[in-house]
Amino acid sequence: MPANEISGLAAHAAGAQLVPYRYDPGELKVNEVEIKISHCGVCHSDIHLIDNDWGISKFPFIPGHEIVGTVTAVGSQVRDLTVGQRVGVGWQADSCGICEWCRQGEEQLCALSQPTCVGRNGGYADSVRVNSRFAIPVPEALESENVAPLLCGGITVYSPMRNLGVRPSSRVGVIGIGGLGHLGLQFAKAFGAEVTAFSTSTDKEAESKDLGADHFVNTRDNGSLKKLAGSFDLLLSTVGADQDWQAIVNGLRPKGTLCVVGVPPSAISIQAFPLIAGQRSITGSNTGSPHDLFEMLDVAARHGIKAITERFPMDKANEVLVKVKKNQVRYRAVLTN
Ligand code: NAP
Ligand code: ZN
């Protein structure tokens, strides 16, 4: 194949198996870096994109947005990265750089944000190109396999805790202990909160406690949430399925917040009165900015936060996606080259 072709595994239609795929990335842009990929985490959002659950997928495309690798080429105007440096890339590969949100360091809110694998090709591949601002140096202390899932899963749980002011007096519940959730427990502990894990999988109790949960609640146990009414300052839902949202909102203390990061298929319907009477809020959170990624990786390095991973060769991606769908991975699958 021509020297500058990138090869990976692509979905060509909604729900299709991934198949080998090559593309020509063209000339390296002045602000871009090319990265030789060593590891790529398998986020559940890749499955949503392959299945086109959100109606935004552009086929064919190579999924993967929890990328770690080594810089192999830098554009003529790149001054912050050098060839040979280890970097990570998450959900976002580019933004306009000049709107009010980019200027504020909130690039994830840019209207022209370019997700790494929507309209572009992502990390189930040998290489990837991104704007250098979205390639974040990885601290030496972190192993590539354990840090890859932090680039999307980690930042998605770190940012809301940071931005909603989680502190030692906070009572935080993490709902769904998967790729995002098992990192959420660790970050909530690092913020000093009292941490509760909400899970449908009772076999996750011991590990949840090892990861920082003070309490474990089996959400399949009818009424378990009702007993905890009025208990939490923050409930972070990482579940991509419909839930009893009213019981979750009722679990909040006055002024508490439900932050939704998992993407359920149906609309969230709740009554207004518990929001009004307790001045409770519902919000969402979208991964995090390059600045937050820098900060999150530094926090992870200093607090020993890392993903628990299962490693697979890149060419096993289709089998891995089935395992993730069946909730059989503990806790993040990582593909390696
Ligand atoms: P994951 O690894 O599959 O974990 C999801 C967890 O949710 C599962 O481990 C399971 O935890 C729980 N769960 C699954 N099915 C359930 C059901 N029917 N009812 C109740 N709980 C269920 O997925 P992930 O990679 O963490 O991603 C989770 C969601 O976050 C996805 O929707 C993804 O698209 C979204 N996401 C959003 C952002 C953002 O920026 N907002 C970023 C990344 C991902 P238990 O076994 O503990 O119950
Ligand atoms: Zn993701």
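This is a predicted model: local features need pLDDT of at least 70, side-chain atom pairs count only at pLDDT 80 or more; totals for chains, interfaces and linings use all residues.
## Where ligand 1 sits

Let's start with the overall placement. Domain 1 (6-152 + 288-336) and domain 2 (154-284) each contribute residues to the shell around ligand 1, so the ligand lies between them.

In total, 28 residues surround ligand 1, and the closest are S199, T200, S201, K204 and R332. Sorted by class, this shell holds 17 polar, nine nonpolar and two charged residues.

## Polar contacts to the ligand

In S199, a side-chain N or O atom is 2.6 Å from an oxygen atom of ligand 1. For S45, a polar side-chain atom lies 2.8 Å from a ligand oxygen, and for H48 the distance from a side-chain N or O atom to an oxygen of the ligand is 2.9 Å.

On its own, ligand 1 exposes 920 Å², and the protein buries 85% of that area. The largest share, three residues, comes from α1.

## A look at S95

Now for a single residue. S95 belongs to the loop between β6 (92-94) and α2 (100-103). With a relative accessible area of 8%, under the 20% cut-off, S95 counts as buried.

The S95 side chain makes a polar contact with the side chain of R133, at 3.4 Å. Leaving aside residues up to four places away in sequence, S95 touches C102, E107, C110, L112, S113, R133 and F134.

Methods
Residues are numbered from 1 along each chain as its sequence is written. Chains are lettered from A and ligands numbered from 1 in the order in which they are written. Side-chain values use heavy atoms; hydrogens and water are left out. A residue is near a molecule or strand if one of its heavy atoms lies within 4 Å of it. A polar contact is a pair of N or O atoms within 3.5 Å; within protein, one must be able to donate a hydrogen and the other to accept it, and residues adjacent in sequence count only if both atoms are side-chain atoms. Accessible areas come from the Shrake-Rupley method with a 1.4 Å probe; for residues, only the protein chains shown count as cover. Helices (H or I, at least four residues) and strands (E, at least two) are DSSP runs, numbered from the N terminus. Ala, Val, Leu, Ile, Met, Phe, Trp, Tyr, Cys and Pro count as nonpolar, Asp, Glu, Lys and Arg as charged, and the others, Gly among them, as polar. Domain bounds come from an automatic or database domain assignment. Buried means under 20% relative accessible area, exposed over 50%, partly exposed in between (1.4 Å probe, protein chains only). Contact means heavy atoms within 4.5 Å.
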